[in-house]
Every structure is written in C-alpha cells, then in structure tokens.
Amino acid sequence: MNEPILWAVNNMPKTEDRNLSIMTLEEVKMARIFHESFPQYQKTPLWRLNDMAGFLKVKDIYVKDESFRFGLNAFKVLGGSYAIAKYIAGKTGRDISELPYSVLKSDMLRSEFGQAVFFTATDGNHGYGVAWAAKQLGQKAVIHMPQGTTHTRLQNILREGAKADILEMNYDECVRAAAKEAEETPNGVIIQDTAWDGYHEIPAWIMQGYGTMAMEAGEQLMDSGCKRPTHIFVQAGVGSLAGAVIGYFTNLYKDDPPVFVVIEAKAADCLYRSAVAGDGGIRTVNGNMRTIMAGLACGEPNIDAWDILKNHVKVFIAVSDWVAADGMRMLAMPVGEDISITSGESGAAPFGTFAMIMAAKEYIELKEVIGLNEQSSVLFFSTEGDTDPEQYRDIVCRHLDR
C-alpha cells in the first residue's frame, strides 16, 4: 500500500514580504547577463507535453529541462557560480557587471583577488556546481556530503578537482561543519544555498542565480503562446529554489500571479510541518531523512526563502518516494508524440505529485483546492537529469519495493 500524499493549505499569517525584493526582475536580469557570458551558456529546453496534458485533462503541461545546464546535468551551478562571482566582485570593489566570465578567468583578476577556499555542503548537485565554478576560476573548493550520498555523485565532484568526502552526518549537520571549517580557514568562504541568522547575503545571491532558469522559462512560455501559467509546482529542500521561482514569478506576474504549490520529500517535510502548525514559525526535521529525493533531504529551511513561501504558496505537499519514482517513469515514457524527459528523483517529484492529484479519486478535494481543471496551464522545473545513472535506471526500469 502506497503512503498517502500529505497536504496543508497555507493559512499562515502574512508578513511585510520584504524578501520578495531578492527576486526582482532587475536583480535576476543581472544574474542572467552574468550567466550569458559563459561560453557554455544556452537556454535549457522548455518542453510542452501536449499529449500528456490531454491524458491528465489539463490545457497545457510545460517542463523546464535542466539536464542540459552547462553540461552538468542539473540547475544548481547557476546559484553557486553567481554567488562566487558576486563575492569576488565585492572583494575587488567591482560591480558584477564588470566581471563576465572572461574577466573572472583572467590572470589579472586572479592576481588581484588571490586564492580563496569555497566550502559547501551538498547532496550532489550544488556541490558539483560550486566545484565546477571554482575550477573554472582557478579557486579551491571543499565539499562535504551527507550519509547516504551515492559514490557516483561524490566522484562527479572529485573530478572537478575539489576536496570532497561523505560524512556520517545528515545534510544540515554537514552545513554546520562546512560553515565552521570556512570560518577557521584563511580566506575560507561558505557558499551555501540556505540562510540562517547572520548569514543572508550569499544565499540571496544563490537564489538570484537560480532566477536565470525562471527568467528563461518565462520567456519561453511567452514564445509558446502562454502569457501566464495558471499553476507552478516546485520542489523544496531548504526552500531556496522554491523561493527563487515563486519570488521571480510573483514579481513577473505582479497583478495576477499563478497558484504556487510546493512539494517536499516526506522524510524531510519541514515546510509542510510548518504549514500544518499554521503560526508562521519554522519547524525542523532531524535524523537521517532517507529518501531517493536526495536533493530534497533537508530538514532546516532557508529562513529568507521561507518568508517568501509563507506569503505566496497556496498548498504545501509532502510525498513519499513512490510519487517521485512514478513521476520519473511518466516523464521517461511519453504519451503520444511528446518527448521523453530524463528527470531525476528530486526533479520529477512535483510532476509525480501533480499526476496523482489529477488521476486518483482520493485527491479530488486537493485538486479542487488547488483549482486544477481543463483550463489549467501547469509549469514544472525538472531540476536534474540522471545525476546517478545507475540509480535512475534502477528506478525507471524496475518497480520499487513499496
């Protein structure tokens, strides 16, 4: 028997919404211009799944496919690279507009800036992006990974020349270890995609970096004839991605924003628990948080992103592994003339959730609360491809033991 989807309508008290300014169109445009300076840059595809939309009885389904991003198979490099560049800009007294890729790579800037050591904790994709960016710029990176991380994801990071290891800790404990080491290391810098008391600037830059993906998607929707999606389903670990996407599209469609739905792994459902409590405070999850959705196995939210989420999310949902696995299979095995999408465990969780809501009678009330119907145009972000190919094949080609 499959574990049921858990959901909570957002009835939390609203705040002054100050953190929405992190994701203004102007801030995201600066990040986009920076990323466009990379020789590896190109827009990742936005696939329109017409036949799947007919099958699930909605007007349109759009999937932003980040498996093509910079050859790294995931979107996370957008945040890490931009944060590193903003940090270097600040240390050298420059504006980010003065530091395109060619200048960042130059011997002149390297001589002026010197050598830094960028620390981070990761389940794989964020650390991979930080390691890649550090290597591109001739800097050092130290990456800590939580227990349960696959050997393949560790090797991806080691190939980028970073120092990396898997610790007998959960993700949040790895974050604290990385921050402590950065503080104790000469020229050490923590590049983490979550904010806590006293640590806000770099996480905000990372969120702005993620905005490049959202901005591309907004343009691609317009090009396809969709003036505005009615719904956006987005996954959350610490909430930085969700806060970035929701913040950007709230600013883009200021007068008529889409309905936002946030999906978490049930093993690390800190946002869902916070929504159930209903008072606007943060609840955390401890322990191993074992799930195939490694990118979502985070038990302590980004406090700045949380402020955006509790002001703008309609429903918070927590799902078990079978939902993500079904989403992976459905995207891999297209309906009719639709394209096959390689979507990893965390990337496919929102689509799997949506498909279950549309197909299963037990979620009719949830479907009505969200307002999904035959006129809905739904946007998803498949944030990773098969970052661990063996695990991906195991999930897609064989049924999990449920």
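Reader: Which strand does valine 261 lie in?
Author: Valine 261 lies in strand β9; a strand is a DSSP run of E with at least two residues, a helix a run of H or I with at least four, and both are numbered from the N terminus. By the way, this is a predicted model, where local features need pLDDT of at least 70 and side-chain atom pairs count only at pLDDT 80 or more, while totals for chains, interfaces and linings use all residues. Residues are numbered from 1 along each chain as its sequence is written, and side-chain values use heavy atoms, with hydrogens and water left out.

Reader: Why does valine 261 count as buried?
Author: Buried means under 20% relative accessible area, exposed means over 50%, and partly exposed is in between (1.4 Å probe, protein chains only). Valine 261 has 0% relative accessibility, so buried is the word for it.

Reader: What is valine 261 in contact with, leaving aside its neighbours within four places in sequence?
Author: Contact means heavy atoms within 4.5 Å. By that rule, and with those neighbours set aside, valine 261 is in contact with Ile232, Phe233, Val234, Val315, Ile317 and Ile370.

Reader: What sheet do they belong to, and what makes β1 and β2 its edge strands?
Author: The sheet is open, has 7 strands in the order β1-β10-β9-β8-β11-β3-β2, and its pairing is mixed. Both β1 (6-9) and β2 (46-48) pair on one side only, and that is what puts them at the edges. From one strand to the next, the twist averages 20°. Helix α14 (residues 345-359) packs on this sheet, touching β3, β8, β9, β10 and β11, and its direction makes about 135° with that of β8. For that angle, axes are lines fitted to C-alpha atoms, for helices over the stretch in contact, and angles run from 0 to 180 degrees between N-to-C directions.

Reader: Which strands stand at the edges of the sheet of 4 strands, and why?
Author: That open sheet has the order β6-β5-β4-β7, with parallel pairing. Its edges are β6 (163-166) and β7 (188-190): each has a single partner strand, so one side of each has no neighbour in the sheet. The twist here averages 15° from one strand to the next.

Reader: What joins β4 to β5?
Author: Strand β4 (residues 117-121) runs parallel to strand β5 (residues 140-145), and 5 bridges join them. Phenylalanine 118 stands opposite alanine 141 in β5. Helix α6 (residues 125-136) packs on the sheet against β4 and β5, with its direction at about 170° to that of β4.

Reader: What makes helix α12 "mostly covered"?
Author: In helix α12 (residues 303-312), 8 of the 10 residues are buried, including Trp306, Ile308 and Leu309. Their cover includes α9, α10, β9, α11 and β10.

Reader: Why are tryptophan 196 and tyrosine 199 called stacked?
Author: Rings of Phe, Tyr and Trp (its six-membered ring) pair if their centres lie within 6.5 Å; planes under 30 degrees apart count as stacked, over 60 as edge-to-face, and the rest as tilted. These two rings have centres 4.4 Å apart and planes at 20°, so they are stacked. Tryptophan 196, at 28% relative accessibility, counts as partly exposed, whereas tyrosine 199, at 11%, is buried.

Reader: Why is the pair of phenylalanine 249 and tyrosine 253 stacked?
Author: Their ring centres are 5.9 Å apart and their planes at 10°, so this pair is stacked as well. Phenylalanine 249 and tyrosine 253 are both buried. The count by this rule comes to 19 aromatic pairs.

Reader: Which residues touch the most other members of the largest nonpolar core?
Author: A nonpolar core is a set of buried Ala, Val, Leu, Ile, Met, Phe, Trp, Tyr and Cys residues joined through side-chain atoms within 4.5 Å. The largest one has 97 residues, and Phe118, Ile191, Phe249, Val262, Leu309 and Phe316 touch the most other members. Helix α9 (residues 201-223) gives the most to it, with 11 residues.

How values were computed: Two strands pair if DSSP finds at least two bridges between them.
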